[in-house]
Amino acid sequence: MTNQEVPSQQTHLNPDSTLLKSVPVTYHVLNKPEVMPLRVDMCMFVSGVLLCSFSGVLSGFSSVTDQQHTVSLSGKWSLSNSNGSLSLPAEVPGCVHSALQQQGFIQDPYFRFNDVSYRWIAFDNWTYTTTFNVSTQLRSKQKVLLVFDGVDTVASIQLNGVSVGKTDNMFRRYDLSVRDLLTDGDNVLKVSFSSPVLYASERRKAHSAYRVPPECPPDVQKGECHVNFIRKEQSSFSWDWGPSFPTMGLWKGVRLEAFDVLQLIQVSSVPLYNFSVSQWRVQVQLLVDAVQTTNGQITLSIPELDSEQTVQTKFLSGKTKNSFTLHINTSSQVKQWWPNGHGDQPFYQLTVRGFQDGFLVLSTESKVYFRTVELVQEPVVGSPGLSFYFRINGKPIFLKGSNWIPAHSFQDQVSPAVLRNLLQSAVDANMNALRVWGGGVYEQDLFYSICDEMGIMVWQDFMFACAMYPTEDDFIQTVREEVSQQVQRLKSHPSVIIWSGNNENEAALATDWFSIPVSQRPLYRKDYVTLYVNNVRAIVREEDESRPFLVSSPTNGAESEQEGWVAANPYDPLYGDTHFYSYFLDCWDWRTFPRTRFASEYGFQSWPSFSTLQPVSIKADWSYNSSFSSHRQHHENGNQQMLLQAALHFNLPNATDPLKRFTDTLYITQVTQAQCVKTQTEFYRRSQSEIIEGKGRTMGALYWQLNDIWQAPSWSSIEFGGKWKMLHYFAQSFFAAVLPVAFEDDDALLIYAISDLSHDLKLRAAVSAYSWADLDPVCTLKSDLLLVPGGSAAAIFKQPVAALLAGCGRCTRLTCLLTFHLEDSSGQQGPTNHHFLSSPKDAQGLQKPNITAKVQQDATGYTVTLHSASVAPFVWLDVGNVPGRFSSNGFLMVSRNMTVGFEAWRPTSVAELSRSLTVTSLADVY
Ligand code: BMA
């Protein structure tokens, strides 16, 4: 692209000016709080005024605004409760609960029943205070903004005794203009928080015309009421997997931003592809606060793509959104961003510079990743309804993954390491997608940057879940600002592939979760449309045309829209996405699952391991029937449901030693969950290429849920702290790019070959039958080679079970099980899978395997070599509280010897691992 009009600093220097290059200058505010160091890249004197450019960081963009001065007010503040009986130092970012714990006023809030013991915290009002000094230089700026990146939630803000603002929404950034209130000496900033629980209840009382249900969570959740009346993490008042900790605090950074000309508040860059002319363009949006209307030039460039553009512009006085387009040189080869498993995640550096009279007034850099996303909803041959799948860069992609919930009740404790570990675990389990669920928080910038880097597609909900919401004007206004800010913040991330208005609220209305009288239903529908369609959707459409928007999940998508946004049955498998839970039906029977277009939620609970529970419990708690075990279970009858499901196929633990019985029970719940979710996921993956009885073409399997918020039973595959449950090890296999799946239909055994690869494969299935009593296979069968196109599931093997067993000789359904894999001329492709011909509780010949284990260390790390005396299903290695993970776990052992690796997440030793290691298999628990 042309660059002849581009002003360069050298050519536009005023001859009288003095150019100082790369002078390292750090500004200091007197006393505390800490100062954010700004590197001065360049300074020059213009008309006697020193103009400088600084390097800072703004939401992932390195950003510079001339004459800008940023002072962080994060750090140590003081905190007190309403009657002054408690007064303590508090870290910002942070929250009241974290501060109380850090200062020793309370124990670990997650310990035993402390969620209930510490209920009082959220009923009190709390004030955060800091005192700071600012330089004369800062105060001499034309404008000074006091910026709060996140205030949780209802607070009034005072600077030097003057009220400067009020907040009511945790999901918004607030910037307040404070220049004239700053003084020479001590400046006192106070943020007074009102109890979120009492606020929600007052808002509920004020809404007297009609109910906005649910009023309260079910008793089993031990939570607070009316969370839908406050724009705050909805699960912070409790959820069916989480405690009630209605937090208060400054949960993100606080700073002063001072400037003379303009200030860049938010930058975004969204690549758009014009299919008809095969050209990329990048839409760059600058949210700018200008002291006065300012004329200037903006230069956008991506040097690597030989693309640059300069335009004249005018920044109007005040806060404005300014959009610019950079057309990408058509002769440049643009490398695209791909989801994990489908290609790399390359990016380009975009530079945005603004000049006023030839001087740099604004400069920022950002990463641009190019990719297109389409949500395809069109007629399907042989099936009523509409398809529902994502096409990335023109390629249909099956979404494999899970649902993300807040990683901690106290967001200040979600460190970069926690995020990285969880997201790496997702990728290591061959996931390519996560849904950021609508009852939590819009995640931190880092979450999305890591997803960009790792190729994790994000289905981003807006934060509304399982409830009706009010539509008063002030509620709508704060939601509008929230949506607009969040879309601006997140839309540059290629990982975000869809916006979705809420979690399950269409379903709640359609299937009448809240017993709303028929006569009142139109009112609730009207409110629903007002909030999600006329406001949330309208803003998203205005802000971001680059990705699809769905009003709810589950939804029938285009069909819901046809039906006035609330479909008669949002769970219809012929349209959109579905959520499906069934705890009592046999999860080994694939017939119980809906053959949906897209499974965005499904799952089963399990308990975390003992080492995760131990630090938050005492000996008296260590039984399945203890009050602790019931207390941590927030899903009605959840503990019983797990055992009932387990008992369909397994003998339940019956050890006489209470602790062994408890840990064995934890184990059996994990086995049950892993096997259930495996069966269901395999069903969805194998349904991707076919239509059976009008249903199918499933193109997504996101199980509920990836992670945990605390140490408790839940649907997660990763425990609080990062330890993988058996399900997560299973996910590594059931999400493998190439996978064999077996199931029975009409007494025939079928094996499907599933491939997410781009190229075709020629595969055969190899099936081995093992007797439960013997480690040598009874027989092995191989199918003919079959073409398996990339991105498909194909039936590759079919044989009546009776014939298979007869042909095999010494096998019956009770005495044998099957293992199988896929292979081509170069060898095995994908993991080995297994199929039980009967429930293991009925298995004849299954014995205690007496597995012995030896830990060793070699150049690659730690290994555990196992020796088994017989076939052992669900072999589980556990090294207690040594953090890390095994290369494989929960496996079926059909060989005498096997070696697995252990990746430790902190230094350990052979001695410690040997001491900590326990090995459990199915027959060891009864
Ligand atoms: C889904 C979710 C959550 C819930 C989960 C398990 O419907 O959207 O609300 O935690 O089920 O019940």
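1. Ground rules. The model is predicted, so local features need pLDDT of at least 70 and side-chain atom pairs count only at pLDDT 80 or more, while totals for chains, interfaces and linings use all residues. Residues are numbered from 1 along each chain as its sequence is written, and side-chain values use heavy atoms, with hydrogens and water left out.

2. Overall build. The protein has 17 helices and 53 strands; these are DSSP runs, numbered from the N terminus, with helices being H or I of at least four residues and strands E of at least two. The radius of gyration is 30 Å, close to the 29 Å from the globule rule for 926 residues, so the protein is as compact as a globular protein of that length. That radius is taken over C-alpha atoms, and the rule is 2.2 Å times the number of residues to the power 0.38. Along the principal axes, the C-alpha trace spans about 95 × 70 × 70 Å.

3. Burial and surface. Of the 926 residues, 62% count as buried (buried is under 20% relative accessible area, exposed over 50%, partly exposed in between, with a 1.4 Å probe and protein chains only). Among contacts (heavy atoms within 4.5 Å) between residues at least 6 apart in sequence, 70% join residues at least 24 apart.

4. Strand β13. β13 pairs with β8 (residues 126-132) in the antiparallel sense over seven bridges, and Ser192 is the bridge partner of Thr127. β10 (residues 154-159) also runs antiparallel to β13, joined by five bridges, with Ala155 opposite Phe193. Strands count as paired if DSSP finds at least two bridges between them.

5. A four-stranded open sheet. The order is β5-β16-β9-β12, with antiparallel pairing. β5 (69-72) and β12 (174-177) stand at the edges with a single partner strand each, so one side of each has no neighbour in the sheet. From one strand to the next, the twist averages 20° (axes are lines fitted to C-alpha atoms, for helices over the stretch in contact, and angles run from 0 to 180 degrees between N-to-C directions). β9 (residues 143-148) and β16 (residues 254-259) are joined by six bridges, and Phe148 stands opposite Val254.

6. Helix α6. In residues 445-454, the buried ones are Phe447, Tyr448, Ile450, Cys451, Asp452 and Met454. Their cover includes α5 (416-428), α7 (473-490) and β31 (457-461). Just after the helix, Gly455 takes a positive phi of about 80°.

7. Aromatics. The structure holds 59 aromatic pairs. Trp120 and Trp126 have ring centres 6.4 Å apart and planes at 35°, so their pair is tilted. Rings of Phe, Tyr and Trp (its six-membered ring) pair if their centres lie within 6.5 Å; planes under 30 degrees apart count as stacked, over 60 as edge-to-face and the rest as tilted. Trp120 is partly exposed at 37% relative accessible area, whereas Trp126 is buried at 0%. Elsewhere, Trp590, Phe593, Tyr602, Phe683, Tyr684, Phe743 and Tyr752 form one aromatic cluster.
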